[in-house]
Amino acid sequence: MVLCAFSIFGIVVLIVWQLVVHSQLAWNKFGLSFFYQVFTDSYTQQKLYWDPVNEHFSALPFIFGTLVSSFLALLMAVPLAVGLAIFLTEMCPTVLRGPLAFLTELLAAIPSVIYGLWAVFVLVPLLREHVNPLLIRWLGWTGLVGNDNPTGLGFLAAGVILAIMILPIISSLTREVMTAVPHSQREAVLALGATRWEMIRMAVLRNARIGIVGAIILGLGRALGETMAVTMVIGNSPEIHRSLLANGSSMASVIANEYAEASADMHLSALTEIGLALFIVTIIVNAIAQLLVWAVTRGTPRSAR
Amino acid sequence: MGVGIEVINLNAWYGSNHTLQDINLNIPANHATALIGPSGCGKSTFVRCINRMHETNPIARVTGTIRIGELDIYENAKPVEIRRRVGMVFQRPNPFPTMSIYDNVAAGLKLNGYSNHRALDEIVEKSLKNSALWDEVKDDLKKKSGASLSGGQQQRLCIARALAVDPEVLLMDEPASALDPVSTSKIEDLIFQLKSQYTIVIVTHNMQQAARVAEKTGFFLNGRMVEFDATHKIFTNPSDKRTEDYITGRFG
């Protein structure tokens, strides 16, 4: 039994060790500049980030793609998830509560490749035919939606599919921390003459806010590391664009796409270094999230903020 | 100023449990009225009917009439309006842990849309003075959380919070049962002072407490009100045998 427990540590240490060893080559050559350097294409004189043939490696477009798609996902998923959690804990008839909660949990159990397939066959055409043209017409002036990618793939598609995937995580944890708010807090606010909405704002959301932030960060952790569905819809080109409709690539997607075909040592090493960076970031994000959720469900903090 | 409360044929249910049966009484304005009785006799349910908190439980139901002053609270009033006129203090102190002491007291006012800072400052100070907490907290009003106070202080903070919206009636559901004797006597002193300005209804397990603070006392048993009379009469010469048995400690 003790061996089983220690094997967890063993596995983690082994993963980190392998990632570190195999990324040495890239680390030694580029150092920290691996994460921000920009190359210039000797032929077109344009910016270039990732060119395995000429051994130009920069993680910048992948970091950009991961961040943009994840934050897009949060932007869409958080209001939906928190709203769903409020509905389920505070206003839902008991008959509906079970089935609705079950359905949301079920979303979490769908394999990500299924999400990816659904995105490719349903979501992307939908975006391409109906949503993107509208966005371009209304928001084209911001420069955030460009009219240069007719495929429907790209950051927005990745963001939407990620939003759907992290929705159940955020909403079920938010529900948990809201349920942990003592009933006496709700009564205290109601007895002051609060309406139901005021009660939700003042008693529930206010007391649960740290836990909700934790739930959101946990969702972020999942979004950052999500590979399959993102790879299928993000477009997979190592570029940085201002437009959310442009093709891009994320840290996880470039590893999934290129690792099997990479033959040069430097290429493999660069991919491993991206993996190491992703590993560290997601571990930290998840740790923060778990701490916050734990702090709330274990009892309310004693000092005011 | 406080107003009287008139209760006519009040019945209340939790699901199929008939917790209050045909309650009739008149609670006088600007006096303290105590409700005593063994656990589960319906006295808490009764006070929760006065500010319509009873119905926040989805399986609860009420029939009958309660008039607070001229207002028939089950006829043509919203629960939200009634609760602004009827303050409530609960058995366990329940300050808002994420708010400062100041914000705890101001919470009800902010719900009412108050935003004049000077007026808020004044009301917060007055409420904390009224609840005999001002001297203990005036130096860190906005620094300390409501949850950082001791149990007795927290309960007085909750009283200040209820007083800040200037209610006519103050309901207290066993306000001292979770407190130590020193804090309890402070709360009792407070009730004594407050009853000149508010109509106070206090539910208590502690018969001495009822005798000390209240002019009128009602005795509840199994969802019915057995006797309602002047406090000294209830404790010295009750008209009902069951009241006598209870106050002499034969049951309950």
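Predicted model: local features only at pLDDT ≥ 70, side-chain atom pairs only at ≥ 80, totals over all residues.

**Exercise 1. Describe the make-up of chain A, from its elements to its burial.**

Solution. Begin with the elements: chain A holds ten helices and four strands, and along the sequence these follow the order α-β-β-β-β-α-α-α-α-α-α-α-α-α. Next take the extent, for which the C-alpha trace of chain A spans about 75 × 60 × 35 Å along its principal axes. Then turn to burial, where 42% of the 305 residues in chain A are buried. Finally, consider the contacts in chain A with a separation of 6 or more, of which 77% join residues 24 or more positions apart.

**Exercise 2. Decide what the radius of gyration of chain B says when it is set against the value for a compact globule.**

Solution. The elements come first, and chain B has ten helices and ten strands. For 252 residues a compact globule would have a radius of gyration near 18 Å, and because chain B has 18 Å, the two agree. The box filled by the C-alpha atoms of chain B, taken along the principal axes, is roughly 55 × 40 × 30 Å. As for burial, 50% of the 252 residues in chain B are buried, while residues 24 or more positions apart make up 70% of the contacts in chain B with a separation of 6 or more.

**Exercise 3. Characterise the packing of helix H3 (residues 94-109) against helix H5 (residues 155-179), both of chain A.**

Solution. Two packed helices are described by the angle between their axes and the distance between the axes. Here the axes come within 8 Å and cross at roughly 135°. An angle over 145 degrees would count as roughly antiparallel, and 65 to 115 as roughly perpendicular; H3(A) and H5(A) are therefore oblique to each other. Their crossing is left-handed. On the H3(A) side the contact involves A:Thr104, A:Glu105, A:Leu107 and A:Ala108, which meet A:Leu167, A:Pro168, A:Ile169, A:Ser171 and A:Ser172 of H5(A). By class, the residues of this contact are five nonpolar, three polar and one charged.

**Exercise 4. Determine how many residues each chain gives to the contact between chains A and B, and which elements of chain B take part.**

Solution. Count by chain: 19 residues come from chain A and 23 residues from chain B. On the side of chain B that touches chain A, the elements giving two or more residues are helix H2 (79-85) and helix H3 (101-111) of chain B. The residues on that side of chain B comprise eleven nonpolar, eight polar and four charged.

Terms used: Residues numbered from 1 in each chain as written. Chains lettered and ligands numbered in written order. Contact = placed C-beta atoms within 7 Å. Nonpolar A, V, L, I, M, F, W, Y, C, P; charged D, E, K, R; others polar. Axes fitted to C-alpha atoms, helices over the stretch in contact; angles between N-to-C directions. Parallel < 35°, antiparallel > 145°, perpendicular 65-115°, else oblique. Left-handed = near helix turned anticlockwise from the far one by under 90°. Buried ≥ 20, exposed ≤ 12 C-beta atoms within 10 Å, placed from the backbone. Rg over C-alpha atoms; globule rule 2.2 N^0.38 Å.
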